[in-house]
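I set down here what I looked up in this model, entry by entry.

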Amino acid sequence: MMKFEPQDSFTHSLPQDPILENTRRQVSGACFSLVTPKKTAQPELIHSSKEMASELGIPEEELKSTSFLEVFTGNKMGENSRPYAMCYGGHQFGNWAGQLGDGRAINLGEKVHNNKRWTLQLKGAGETPYSRTADGLAVLRSSVREYLCSEAMFHLGVPTTRALSIALTGDQVLRDVLYNGNPDYEKGAVVSRVAPSFLRFGSYEIFSSRQDYKTLTTLVNYTITQFFPEIENTSKEGYIQLFKTVAERTLEMIIHWQRVGFVHGVMNTDNMSILGLTIDYGPYGWLEGYDEDWTPNTTDRQHKRYRYGNQPNIGLWNLYQLANALYPLIEDAAPFEDILEAYKNDYAVKYVAVMKDKIGLSSTDDGDTDLLNALETTLQIIETDMTLFFRNLSLVTKNDTDDSALAKIKISFYTLEELKDDALEKWKIWFDLYIKRLQKETTPDEARALKMNATNPKYVLRNYMAQLAIDKADERDYSLVDELYTLLKHPYDEQPEFEKWFAKRPEWARNKVGCSMLSCSS
């Protein structure tokens with residue numbers, strides 16, 4: 001039987017909701033409510049992560065056991081498990097939404113292995129006091145996307161929550177996939193998620209908004225003690241240091257998003273991890289055609305608040321909201337303002353550095369920023385696949401001409417017939433500048449290519465790939481889930497046996513449901 005820590009740090013350190021009935025309600029003065037996962041009709045394991053199991057100290061053979069399936073679909077309690085849902089609020093699309101909370105996530109408890117403490121959570125295991133009008137369930141479609149993407153992001157080197165398993169529940173779940181008034185039944189599923197903590201910016205906002213500074217102080221002190229041991233005290237100085245560290249980790253995460261072309265799609269403050277982890281994989285997507293205005297979220301189609309090019313700004317906006325939440329504990333705006341200003345300055349420096357890595361520049365030249373700006377403009381002249389372009393750019397050498405260099409990245413153009421006249425001339429101009437800049441580098445072409453290929457992934461989880469896996473899984477064929485899981489464990493390697501996935505999005509997937517934009521419930 002699965003064993004959790006008898007001393008769960010979260011539930012033993014923080015105030016509990018005294019009401020035990022699982023009814024939708026406003027929860028005051030408490031960080032969590034005890035809940036019981038919903039028993040499912042006929043659970044069936046789709047896939048599990050041996051790698052994550054090893055991190056948790058779970059023997060590989062246990063992954064195949066009935067008890068593992070029952071615990072991680074919510075049908076049986078593990079030893080020492082006291083399942084709970086967390087209380088938090090959040091700003092959604094820029095507006096304060098009040099109490100939100102774990103509406104379809106239930107924390108089972110914690111495990112400690114190799115001196116690391118992990119929280120294990122079920123997503124889609126039933127209603128909680130925070131479910132509002134929803135059923136607390138998840139469907140196969142969104143669960144496959146979360147399972148594959150969280151593990152893919154980890155292997156890309158992006159800070160993220162992890163996933164241990166995904167299972168069918170045997171239940172049917174009613175969902176309106178396009179939000180167009182045509183709901184239909186889909187297969188229910190549960191993902192077991194893993195992270196040191198699932199605390200979000202909204203976890204602090206909710207208590208500050210209610211002027212419940214006692215609970216806010218308790219939560220902040222717990223956060224520092226449990227997750228930021230480098231902060232030596234729980235005082236005003238410690239609170240400022242906490243905010244500074246959170247800002248730095250948030251920036252680091254978003255820089256990685258920009259590097260690999262990941263678009264989160266719903267950067268509400270309740271979807272921002274206090275640990276700087278990518279959390280809550282909903283309507284995410286990877287840039288295919290390089291477009292700074294692209295968002296994968298149908299809800300965001302009009303205003304594009306969460307578009308690729310705006311993610312760093314939204315990270316800053318969200319940090320402002322966290323600063324507002326923490327302000328009552330410090331009552332001095334100046335330290336917050338300094339940290340937020342540092343975020344802006346650090347982003348400018350770090351973004352140039354990561355973009356130089358992407359195009360293989362190690363030395364410094366006065367024209368580097370202009371070269372990068374020109375590239376971002378040129379990439380959007382005609383539809384150009386971000387992943388394919390940057391990966392194949394490593395093939396360009398100091399001895400290339402603009403024509404031979406262009407030939408090496410032609411695979412990245414979606415409409416090659418448009419590469420003519422003014423578009424062709426602009427690309428030639430950029431490559432002429434780029435090759436001249438490479439000639440100033442002392443790093444040999446081969447060494448530069450290796451470094452670029454360690455920065456620019458060859459394989460990412462494009463939405464059409466995830467949708468193909470979902471379609472097969474819907475027919476109880478999990479082979480493609482396993483194939484993509486295997487592929488995405490080594491995104492920077494050549495993997496010739498998977499070369500078919502190093503390709504542009506197929507034309508049939510351009511506007512297909514699930515392959516382009518998705519809803520928040522995805």
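How much space lies in the largest pocket? I found about 830 Å³ there. I worked from a predicted model, in which local features need pLDDT of at least 70 and side-chain atom pairs count only at pLDDT 80 or more, while totals for chains, interfaces and linings use all residues. Residues are numbered from 1 along each chain as its sequence is written, and side-chain values use heavy atoms, with hydrogens and water left out.

**Entry 1. Pockets.** I searched a 1 Å grid over the protein atoms alone, taking a pocket as an open set of points with protein on both sides within 12 Å along at least five of seven lines, and a cavity as a set where a 1.4 Å probe fits but cannot get out; lining residues have an atom within 4 Å of a point. Points are joined across faces, edges and corners, and a volume is the space filled by probe spheres set on them.

The largest pocket is lined by 32 residues, and Q92, R104, R132, D270 and C520 are the closest to its centre. I sorted this lining into 11 nonpolar, 10 polar and 11 charged residues. In this sorting Ala, Val, Leu, Ile, Met, Phe, Trp, Tyr, Cys and Pro are nonpolar, Asp, Glu, Lys and Arg are charged, and the others, Gly among them, are polar.

For the second largest pocket I noted about 420 Å³. Its lining has 23 residues, with R141, V177, E186, Q467 and I470 nearest the centre. Helices α4 (140-156) and α15 (463-474) and strands β9 (162-175) and β10 (184-195) each supply at least two lining residues; helices (H or I, at least four residues) and strands (E, at least two) are DSSP runs numbered from the N terminus.

**Entry 2. Cavities.** I counted four cavities of 30 Å³ or more. The largest cavity has a volume of about 60 Å³. Residues lining the largest cavity include K38, T40, D171 and V190, and β9 and β10 each give at least two residues to this lining. By class I recorded six nonpolar, four polar and two charged residues.

**Entry 3. Core.** Which residues have the most contacts inside the largest nonpolar core? They are L164 and F431, in a core of 154 residues. Helix α7 (residues 236-260) gives the most to this core, with 11 residues. I took a core as buried Ala, Val, Leu, Ile, Met, Phe, Trp, Tyr and Cys residues joined through side-chain atoms within 4.5 Å. Buried means under 20% relative accessible area, exposed over 50%, and partly exposed in between (1.4 Å probe, protein chains only).

**Entry 4. Salt bridges.** I counted 42 salt bridges, each a side-chain nitrogen of Lys or Arg within 4 Å of a carboxyl oxygen of Asp or Glu.

E151 and R162 form one, with their closest N and O atoms 2.8 Å apart. E151 lies in helix α4 and R162 in strand β9, so the pair ties together parts 11 residues apart in sequence. I found E151 buried at 2% relative accessible area and R162 buried at 3%.

R505 and E383 also meet in a salt bridge (3.2 Å, N to O). This pair links distant parts of the chain, 122 residues apart: R505 is in the segment after α16 (479-487), and E383 is in the loop between α10 (368-378) and α11 (386-393). R505 is buried, at 9%, whereas E383 is partly exposed, at 24%. Salt bridges with shared partners join E288, E383, D385, R462, R505, E507 and R510 into one network.
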